[in-house]
Amino acid sequence: LLRPLERSVEALARELAKVVPELVCSDMGQFWLDRELAAALDTSLTHLVRNSMDHGFSCESKINQIRIDLKDDGEDFWRLIYSDSGSGLNLDAILKKAAASGVLQTNSTVDQIAQCIFHPGFSTKEQLTEISGHGIGMDAVKAEVEKLGGQVSLVYPKLRLTPEAGHGALPFELHLRIPKKLMRKVEDQDLSGLAQTPGKSK
């Protein structure tokens, strides 16, 4: 699931003339995924990487990083956490576009502004490209995960607001809660027995 992302990241970096980011993944071990979940995660992670490359990282940045962590989130869920070292959400641009389209009022809270990225068809790009802002958006990512019984949320580990930039840039993590029934951790001795399990994908 993650190997194609590495190739995608390198290709996008060349296309956008940006530094190839380091792709850091926590030691997740081996899992078997429901095929629908595998397809949803592939689509979602591809879009998130494209978004990071197009929006998050500047051409001037010398060190870029994309991080994907997986944590046990209780009896029924895994929590997949996506983050990058980019500037974060451009709250000024989001608010301007959202207010102009009637999605938000100008006196909205920081979280309300950030949540606009999940609004169907929302993009701060003036011109849509094949990199991001075109095709599947964050609304589709959220819908895909929720359709399978999961949850998607924004978490702000540190609020970095700059006075001269109005609302400023907002670093964030995207948290995907994934039902364990669709994503099962397996031990080495289980692999041969699960290899023929219908409807599962490694």
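Aspartate 73 is partly exposed, with 22% relative accessible area (buried means under 20%, exposed over 50% and partly exposed in between, using a 1.4 Å probe and protein chains only). Please keep in mind that this is a predicted model, where local features need pLDDT of at least 70 and side-chain atom pairs count only at pLDDT 80 or more, while totals for chains, interfaces and linings use all residues. Residues are numbered from 1 along each chain as its sequence is written, and side-chain values use heavy atoms, leaving out hydrogens and water.

**View 1. Aspartate 73 and arginine 177 meet in a salt bridge.** Their side chains come to 2.6 Å, N to O; a salt bridge here is a side-chain nitrogen of Lys or Arg within 4 Å of a carboxyl oxygen of Asp or Glu. Aspartate 73 sits in the loop between strand S3 (65–72) and strand S4 (77–84), and arginine 177 in strand S8, so the pair ties together parts 104 residues apart in sequence. Helices (H or I, at least four residues) and strands (E, at least two) are DSSP runs, numbered from the N terminus. Arginine 177 counts as buried, at 18% relative accessibility. Look for Arg79 too: Asp73, Arg79 and Arg177 are linked in a network of salt bridges.

**View 2. Arginine 67 pairs with aspartate 69 in a salt bridge.** The closest N and O atoms are 2.8 Å apart. Arginine 67 is partly exposed at 32% relative accessibility, whereas aspartate 69 is buried at 12%.

**View 3. Helix H5 (residues 138–147) has Met138, Val141 and Val145 buried.** These residues cover an arc of only 55 degrees around the axis, which puts them on the same side of H5; the arc is that of the directions from the helix axis to the C-beta atoms. An α-helix has 3.6 residues a turn, so residues three or four places apart point the same way. The cover over the buried residues of H5 includes helix H2 (35–56), strand S6 (151–155) and strand S8 (173–179), with contact meaning heavy atoms within 4.5 Å. After H5 comes glycine 149, with a positive phi near 90 degrees.

**View 4. Glutamate 144 and lysine 147 form a salt bridge.** Here the closest N and O atoms are 3.8 Å apart. The two residues are 3 apart in helix H5, separated by about one helical turn. Glutamate 144 is partly exposed at 29% relative accessibility, while lysine 147 is exposed at 56%.
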